[in-house]
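Work through the exercises below with the sequence and the model open. Try each task before reading its solution.

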Amino acid sequence: MITIKSDAEIAKMRESGKLTRDVLDLIGREIRVGMSTKDLDKIAYDFIKSCGAEPSFLGYAGYPASICASIDDTVVHGIPSDDIIVKEGQIVSIDVGVIYNGWQGDAARTFIIGKVSEEKEKLVKVTKECFFKGIENLKDGTPLGDVGYAIQTHAENNGFSVVRALVGHGIGREMHEDPSVPNYGKKGTGIRLKKGMVIAVEPMINAGTYQVEFLRDGWTCKTKDRRPSAHYENTVAITDEGVEILTL
Ligand code: MF3
Ligand code: CO
């Protein structure tokens, strides 16, 4: 069931969205070579708590942390660890969710650590562009398939591939609500988005094959060919004339 949010509810999601954005900005300022992904998780947890909010990932389906920290060939859902150290030349995707006054925010960025390969640099840039292409013409009445079509076209035109195994989602009082928001698809297909729908659009773009595999921890999602992957996500509200990005 797709829930429609009132203007007052969107106003609350604006607050949780801003907090989510603030966590990512903070990590962007703090992340450096030599830190563990557990250090980053602690920064996020402490900040979220200090704001009177809750980290939505912690305990979600048994997930053990407040952020996902996914380096290079890890697509998403990398579990923070004392043993995983940020190194020069890596790309590090950080995904975080926040609950504030009962409303969710969900967003991700991929950070570049020092000097990275041309391929990684382009991948991170194109993944972010994919998000913006995906929401470009979005407004009340847009078929959902147009979002995936725009993302897939931009990724593939740049020689990259779109992960199929995981998709974006509706969001509101719950982190994962209907509809599913694939990063691939056909123009003109799917449900029509309506004013008051709120969705998390989150392209996961691979340098090589779109195929992924999950490690035995049940979470860590890696590219099958172990080439790099990037992730960029925002929570987005549909309005009459367009969209409002709540986590930017
Ligand atoms: N942002 C992710 C998502 O959209 C993260 C979920 S990780 C989990 O689905 F641990 F919370 F499941
Ligand atoms: Co999400």
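## Exercise 1: A proline in a loop

Leaving out residues up to four places away in sequence, proline 143 touches Gly188, Thr189, Ile191 and Arg192. The model is a predicted one.

**Task.** Find the place of proline 143, and decide whether it is buried or exposed.

**Solution.** 
- Step 1. Locate the residue. Proline 143 is in the loop between α3 and α4.
- Step 2. Check its accessibility. The value is 10% relative accessibility. Buried means under 20%, so proline 143 counts as buried.
- Step 3. Proline 143 and serine 229 are 86 residues apart in sequence. In space their C-alpha atoms are 27 Å apart.

## Exercise 2: The length of a helix

**Task.** What span should helix α4 have, and what do its end C-alpha atoms show?

**Solution.** 
- Step 1. Take the residues. Helix α4 runs over residues 145–157, which makes 13 residues.
- Step 2. Work out the expected span. The rule is 1.5 Å times one less than the number of residues. For α4 this gives 18 Å.
- Step 3. Compare with the model. The end C-alpha atoms are 18 Å apart, so the two agree.
- Step 4. Look at the buried side. Gly145, Val147, Gly148, Ile151, Gln152, His154 and Ala155 are the buried residues of α4. Their cover includes α3 (118–135), β6 (161–162), β8 (177–181), β9 and β10.
- Step 5. Go just past the helix. Glycine 159 has a positive phi of about 85° there.

## Exercise 3: The cobalt site

**Task.** Which residues coordinate the cobalt ion (ligand 2), and how are its donors spaced along the chain?

**Solution.** 
- Step 1. List the donors. They are Asp106 (OD), His169 (NE2), Glu202 (OE) and Glu233 (OE). Their distances to the cobalt ion run from 2.1 to 2.3 Å.
- Step 2. Read the spacing. The pattern is D-x62-H-x32-E-x30-E.
- Step 3. Glutamate 202 sits in the loop between β9 (198–201) and β10 (204–206). Glutamate 233 sits in the loop between β13 (229–231) and β14 (234–238). The pair therefore ties together parts that are 31 residues apart in sequence.
- Step 4. Check burial. Both glutamate 202 and glutamate 233 are buried.

## Exercise 4: Around ligand 1

**Task.** Which residues come nearest to ligand 1? How much of its accessible area does the protein cover?

**Solution.** 
- Step 1. Pick out the nearest residues. There are 13 residues around ligand 1, and Asp95, Asp106, His169, His176 and Glu202 come nearest.
- Step 2. Find the polar pairs. A polar side-chain atom of histidine 169 is 2.8 Å from an oxygen atom of ligand 1. For histidine 176 the distance to an oxygen atom of ligand 1 is 2.6 Å. For glutamate 202 it is 2.7 Å.
- Step 3. On its own, ligand 1 has 330 Å² of accessible area, and the protein covers 95% of that.

## Exercise 5: Backbone details

**Task.** Where is the cis peptide bond? Are aspartate 72 and asparagine 101 buried or exposed?

**Solution.** 
- Step 1. Find the bond. The cis peptide bond joins aspartate 178 and proline 179, with omega about 0°. Proline 179 is in strand β8.
- Step 2. Turn to aspartate 72. Its phi is positive, near 50°. Aspartate 72 lies in the loop between β2 (67–71) and β3 (74–76). It is buried, at 17% relative accessible area.
- Step 3. Turn to asparagine 101. Its phi is positive too, at about 50°. Asparagine 101 lies in the loop between β4 (91–100) and β5 (103–112). At 57% relative accessibility, asparagine 101 counts as exposed.

Notes. Residues numbered from 1 in each chain as written. Chains lettered and ligands numbered in written order. Predicted model: local features only at pLDDT ≥ 70, side-chain atom pairs only at ≥ 80, totals over all residues. Heavy atoms only, no water. Donors = N, O, S within 2.8 Å, 3.2 Å for Na, K, Ca; no water. Helix = DSSP H or I, 4+ residues; strand = E, 2+ residues; numbered from the N terminus. Buried < 20%, exposed > 50% of the residue type's maximum accessible area, 1.4 Å probe, protein only. Contact = heavy atoms within 4.5 Å. Near = heavy atom within 4 Å. Polar contact = N/O pair within 3.5 Å; in protein donor to acceptor, adjacent residues only side chain to side chain. Areas by Shrake-Rupley, 256 points an atom, 1.4 Å probe, with all protein chains shown as cover.
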